[in-house]
Amino acid sequence: MEPAGLGTGAEGIQPAGTETGTGTEGKQPARMGTETMEPAGLGTGTEGTELTGTEGIQPAGMGTEGIGQAGMGAEAAEPAGLEPAGLRTAGTGTEGIESAGKGTEGIELAGLELAGLGIAEMEPAGLEPAEMEPAREAEEPPGSPALPAEAPQGGPPAAALSGEGALPGRERERERGRRGAGAPGSAGRAARGRARRAPGRRSGTESARRPGVTVDSSKAKTSLEALKISLRQLRWKEFPFGRRLPCDIYWHGVSFHDSNIFSGQVNKFPGMTETVRKITLSRAMRTMRDLFPLEYNFYPRSWILPEELPLFVAEVRTMKDSNPSWKPTFIVKPDGGCQGDGIYLIKDPSDIRLTGSIQSRPAVVQEYICKPLLVDKLKFDIRLYVLLKSLEPLEIYIAKDGLSRFCTEPYQEPTLKNLHQVFMHLTNYSLNIHSGNFIHSASANTGSKRTFSSILCRLSSRGADVKKLWSDIISLVIKTIIALTPELKVYYQSDIPAGKPGPTCFQILGFDILLMKDLKPVLLEVNANPSMRIEHEQELSPGVFENVPSPVDEKVKVAVIRDTLRLVDPQKKKRKDTQCQSPEQAPGGSEEPPDAAPSPEAALPSLCLKQVFPKYARHFSYLRLVDRVAALFIRFLGVKGTTKLGPTGFRTFIRNCKLSNSNFSMAAVDILYIDITRRWNSMGIDHKESGSPGMCLQAFVEAFFCLAQKKYKALPLHKQVLSLLELCECRLAALHGKRLVWGCGLAQPRGALRAAGTAPGPGPARPHGPPVLRLQKSSHQLRALMCRDRTGS
């Protein structure tokens, strides 16, 4: 039985590691020969195949025509429409499939506009109307089981999984083998031969069994169960213990680093963990706020400890003096902390814990949001899943549903008496699960962890503007990713330099967002490794625990992982090309063969991930100034695999961009480099090459801002930086074009011909003037050289 309103499909509650529809996972009874009955295509337990209805059940060693009466093929053994209405393959899920009137289907964000930006055609999390879903989804009741293996009406009996009742079928096949092949046991080989000789008939059933995408899950860690369910739904091949041959996708639980991967795709970006750490994130957001104060007001004001402790104390004192009624609360978060570890609240900067712990453990102190939105008198935050599919070009997807994680004690504004009550102020799941008031959710809209779509439905019923809320969240996510990508690109080129064999990357990020009373979203932090566990521990008796499936987690997380895999599917383009060609190759016209099996993709619900960038790039591209500064930084690094710029590279940057003059000599350039680099290296932040000399990206950005302020004093900062960027890019482009022409020998001055002893040919005299460049190579060679130069060779 499943709680009403759960909305999950058959895959919603499933023991870890079990195969849907069969418990044997390809195992055969001992001492049985080749005639032991086995579901066709079941394969080994690692292949992620499943038993759907009576499809593909046949004697082992028999082809597609092995079941049925004499002269009947595989299509005769399974009548059309065998699957009853309302049932479908177990494991396909019902994410986004809810009854009309339940959830938030009525809140469709078609025509949604981002505030002041005019962005249209956005959709909320899981908010598609029920009537817009395909019939296969609308007809399926929640929790429908897999279709069992049974005899179809009016047809031959299907082979049971245990082999019972299959003897008459085997005797008929032996008899046919004696008559046709002349040897007992050759019926299966004859059937396989007929299948090979009939490509039209084979294309349907065999294409579904053909080995698909391979996934190495040996390092998946806590996301393994959700990944296994996703792979079974996609019918992809899993390698849980790794594989000697290259795989298409490598799914890592924590880090990207793996020196043995030279191809395929990895679900982690190098350097992502360092990029989203609290101190690095705060610095990136501060840089963007300096450039665009109004665009980046969704991140709480932050100070980095211990280096900014005096500044923090001074600013708080100044604000209190200007407004005596202001009684702030601050939250201290250790830089490397996770799951709420080490977080605490303070009312005054002179708190003794600041001076004691931060010397050995750097942290970020932020202004605490004292007036959050409450549901059932409880504070909560939102965990949204964001897919960063590509860095260049930038591709961002947002999941249409997420998790709402609740505190377990009624909220009160912080006072000196309740500052230490973590179950009231901190929404971290790993903390609140230890509270006696924690309620494990049995449905999407109750308990201490609920779906975000259930919160949207509740807000909409109260008259809240859910469309504007979603648009603000989308803007927050895009702007945050734009702030993080410069640092991420530096790490990426360090681990996978241009021209070096390596995998491509994608990553699922967890955005923790808090809603204020006026529904304004506030970014709390970004998680590089959000938890993808779909079960929780339950204490059966003192000291005895067991893992219990969590329906809410499974509903959201399995859909995110499955649809991420669908988006990065390396064989998608190949399959599309095949589908485009198949109508022409099919006999008798443009229709597919009658026995063609539907692809696994056709049985899945619509994607829960919606693209927001580059779909709305034109509204946010003006914010990517630091991205362009990072491109200059990477260009002058000089040595592949490094993340710091040396003094020679910085001087080369100044010379090539012609930024030095009588007022700013090269000696002043060296002083600027030394001062900024020494200060950033003394901060002692734990990141890659932290102890090596040189200028990191953030130090280069500060130096670039200083140069822009010196050159364009009358403009605001973002226009100063933009003007200097355009100047540098223009001068570097001119220098690049000159090097392309002269360095490749494509042209030379006309006077060089005479200097070489070549007499001018007959013809009219030409006017004197500056030397004219004459191309010495054909246009085809010129294009080839320019293309080669662009690729970096």
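This briefing walks through a predicted model of one protein chain, topic by topic. Keep the confidence scores in mind as you go: the chain has a mean pLDDT of 73, and 60% of its residues reach 70 or more.

**The parallel sheet**

- Start with an open sheet of 5 strands: read across it and you get β4-β3-β5-β6-β16, paired in parallel.
- The two edge strands are β4 (237-239) and β16 (504-505); each has a single partner strand, so one side of each has no neighbour in the sheet.
- Further in, β3 (residues 214-219) and β5 (residues 249-252) run parallel and are joined by 3 bridges.
- To find this pairing in the structure, look for D216, which sits opposite Y250 in β5.
- Is T214 buried or exposed? This residue of strand β3 has a relative accessibility of 9%, and since buried means under 20%, T214 counts as buried.
- Beyond four places in sequence, the contacts of T214 are K237, F239, R243, P246, C247, D248 and I249.

**Strand β7 and its partner**

- Strand β7 (302-305) runs antiparallel to β10 (residues 363-367), and 4 bridges join the two.
- One spot to check is I304, which stands opposite V364 in β10.
- In a regular strand, side chains alternate between the two faces of the sheet.
- In β7 both faces are covered: S302 and I304 are buried on one side, and W303 and L305 are buried on the other.

**The nonpolar cores**

- The largest nonpolar core holds 103 residues, and the ones with the most contacts inside it are F511, F650, F653, F700, F704 and V721.
- Which helix gives the most to this core? That's α14 (residues 466-495), with 14 residues.
- A second, separate core has 32 residues, including A220, L234, A559 and V568.
- Zoom in on F650: leaving out neighbours within four places in sequence, its contacts are L645, V669, L672, Y673, M695, F700 and A703.
- Two of those contacts, F700 and A703, are among the buried residues of helix α21.
- Helix α21 (residues 697-711) is 15 residues long and spans 21 Å from first C-alpha to last, close to the 21 Å expected at 1.5 Å a residue.
- Other buried residues in α21 include L697, Q698, F704, F705 and L707.

**Aromatic rings**

- The model has 19 aromatic pairs.
- One of them is Y296 with F298, a tilted pair with centres 5.6 Å apart and 35 degrees between the planes.
- Y296 and F298 are both buried.
- Ring pairs also link F633, F636, F650, F653, Y673, F700 and F704 into a cluster.

- Most residues other than glycine have a negative phi, and most peptide bonds are trans. Here are some exceptions.
- The L305 to P306 peptide bond is cis, with omega near 5 degrees; P306 sits in the loop between β7 and α9 (309-322).
- E392 and P393 are also joined by a cis bond, with omega about 5 degrees; P393 is in the loop between β12 (378-390) and β13 (395-399).
- R235 isn't a glycine, yet its phi is positive, at about 60 degrees. You'll find R235 in the loop between α6 (224-234) and β4, partly exposed at 26% relative accessible area.
- K377 has a positive phi too, near 65 degrees. This residue lies in the loop between β11 (374-375) and β12.
- Is K377 buried or exposed? With a relative accessible area of 64%, K377 is exposed.

Conventions:
Residues are numbered from 1 along each chain as its sequence is written. This is a predicted model: local features need pLDDT of at least 70, side-chain atom pairs count only at pLDDT 80 or more; totals for chains, interfaces and linings use all residues. Side-chain values use heavy atoms; hydrogens and water are left out. Two strands pair if DSSP finds at least two bridges between them. Buried means under 20% relative accessible area, exposed over 50%, partly exposed in between (1.4 Å probe, protein chains only). Contact means heavy atoms within 4.5 Å. The expected span of a helix is 1.5 Å times one less than its number of residues. A nonpolar core is a set of buried Ala, Val, Leu, Ile, Met, Phe, Trp, Tyr and Cys residues joined through side-chain atoms within 4.5 Å. pLDDT is the predictor's confidence in each residue, from 0 to 100. Rings of Phe, Tyr and Trp (its six-membered ring) pair if their centres lie within 6.5 Å; planes under 30 degrees apart count as stacked, over 60 as edge-to-face and the rest as tilted.
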